[in-house]
Protein chains: 2
Amino acid sequence: MAGEKEVDVVIIGAGPAGITAALYAKRKALSVRIFESKAAGGQTADAIWVENYTGMKKIEGIKLMQKMQEHLKDFDVEIDEAAEITGIKKTETGFEIDMENGEEKIAAKAVILCTGSKYKMLNVPGEKELYGKGLSYCATCEGPGFKDKVVAVVGGGNSGANAAIFFADICSKVYIVEFGEKAAYDSVYEKALKAQSKIEIILNTQVTVIEGKEKVEGIKTKNRATGEEKVVPVNGVFIYIGMQPRNDLAKQLGLELTEKGFIKVDTDNRTSLPGMFAAGDITGELAQTIVAAGSGAKAAVSAFEFIKGLK
Amino acid sequence: MAGEKEVDVVIIGAGPAGITAALYAKRKALSVRIFESKAAGGQTADAIWVENYTGMKKIEGIKLMQKMQEHLKDFDVEIDEAAEITGIKKTETGFEIDMENGEEKIAAKAVILCTGSKYKMLNVPGEKELYGKGLSYCATCEGPGFKDKVVAVVGGGNSGANAAIFFADICSKVYIVEFGEKAAYDSVYEKALKAQSKIEIILNTQVTVIEGKEKVEGIKTKNRATGEEKVVPVNGVFIYIGMQPRNDLAKQLGLELTEKGFIKVDTDNRTSLPGMFAAGDITGELAQTIVAAGSGAKAAVSAFEFIKGLK
């Protein structure tokens, strides 16, 4: 349906949520276009390994996403890549979608936002080079490989504390390195963190370099009060300094968002605006490929019901 | 962990939701036992083909579930099959699980219910024999294969109406056969059904036989007022006379249920009882393998957070 100007559903974002939504919408006999601002694949395509997409043993993230794209192709849906959507307007009959590339506007009866989110980076030397070699942004994804190792969690918010509590069960030592004078986790984490003597919290400290050649060997830290620099030897670095939801379109549409800027959805992936659905990381759900794929399926079926006037 | 009497999490039901929950719980370094009253695989194992588990092209249901089980084995989790759970009690430290086979009680800090649901059957000649040969209980699963064909939807409730509206877009003719004098669908379906001239509703009529040798060729119907019998030639029969949630344990525990008897969960798969989680078909979510797997992952991570006192 590439090129069609009037479709039932426009899907924005071609990670696991968007691709699954497209597959389900097409199987529901809806006409579909799916746009991706970069290359298809979402965050999963950036994952070195995916070990927990049930039924598919350890597989490279990029390979898993290629399989999803091939699967979608079997249903005659082509992903429009490098296609930036700059605006969405509510119209009387649905939505009007504006594209950056000057392509004419596209009309859709329903829209599914699968725009995802991105991990914030530290932007220090070694971070890019050692990504996937002991450095990660997701303990649920890569964490289980660090049994009996020493890891540093960078960031002492709730997600960092959550990761550290998990690592304390399997690692020999866990550091939490927090930029501020006080870690920002909720009080509920206090007790669980204190119960774990393996966890050491280093406050008021900046990570300036990720050290290591073939793999992570340590982190260079700088105390923000004294200026003292240290190298802390670790096998793993997990960076938890926040997620950035890609919510520009959601904001523009005035969708109801969570405190952290994710799109609020109900258990059937409806947003606060009738005809507008959301799935995957942009909803703030557990950021996992299998979860995103499942919510994409639900969003597509909800879109079908909306278009047919059933709900 | 087979045989362990005290674990972090007990998972009940080994379909896609339960298996994925076990995989995620184990990766979170929790000790896990997973029980299944029959053979592992859930409803998916009964599906002739699964065409919409994203990334895995058309695959037999039983093969997909074998892949999931093999995946779980890699994480050293064995499924206890033919293990009926007869009772769960809340205790001070969690839950106590009773087993039919006389095995001693098992203590768990958290429980994930993945007990699923089953499609109600018509129990007429030909139904079992022609299952997967034109007869199905799921339009979202098998429906797309009936393009330009004639199908009968048995049951005029909301699910039957929903299926018929989908079929009207792709089929040449659609019957809804309703046992009662009036179809039970909500008024919201009325308009969508009327918009489709291809849909014919046959009221007050019982389906007595599914006809066909190698594949579905028709349905035998009997008018309940006049007794008149007819054979209606169709290529497909989709039976929508209700879903039965397997909710015995949920009821016993006094969990909050929906009107139809499914377990109410929030978007993180928590039930109304702290420490008790649910995932998959038993929650009344869209009954699809990919959705069940996704919600199983969420339930496991929520159980981890509960056990660690984080939420």
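These legends describe close-up views of aromatic rings in a predicted model. Residues are numbered from 1 along each chain as its sequence is written, and chains are lettered from A in the order in which they are written. Local features need pLDDT of at least 70, side-chain atom pairs count only at pLDDT 80 or more, and side-chain values use heavy atoms, without hydrogens or water.

**View 1. Y53(A) and Y53(B) form a tilted aromatic pair.** Over all chains, the structure holds 15 aromatic pairs. Rings of Phe, Tyr and Trp (its six-membered ring) pair if their centres lie within 6.5 Å; planes under 30 degrees apart are stacked, over 60 edge-to-face, and the rest tilted. Here the centres are 5.7 Å apart, with 50° between the planes. The pair crosses between chains. Both Y53(A) and Y53(B) are buried (under 20% relative accessible area; exposed is over 50%, partly exposed in between; 1.4 Å probe, protein chains only).

**View 2. Y119(B) and Y137(B) are stacked.** Their ring centres lie 5.7 Å apart and their planes meet at 20°, so the pair counts as stacked. Y119(B) is partly exposed, at 23% relative accessibility. Y137(B) is buried, at 9%.

**View 3. Five rings form one aromatic cluster.** The members are F146(A), F166(A), F167(A), F238(A) and F304(B).

**View 4. Charges sit over the rings of F166(B) and F179(B).** This requires NZ of Lys or CZ of Arg within 6 Å of the ring centre and within 35 degrees of the ring normal. The charged end of K28(A) is 5.0 Å from the centre of the F166(B) ring. R224(B) lies over the face of F179(B), 3.7 Å from the ring centre.

Technical notes:
Helix = DSSP H or I, 4+ residues; strand = E, 2+ residues; numbered from the N terminus.
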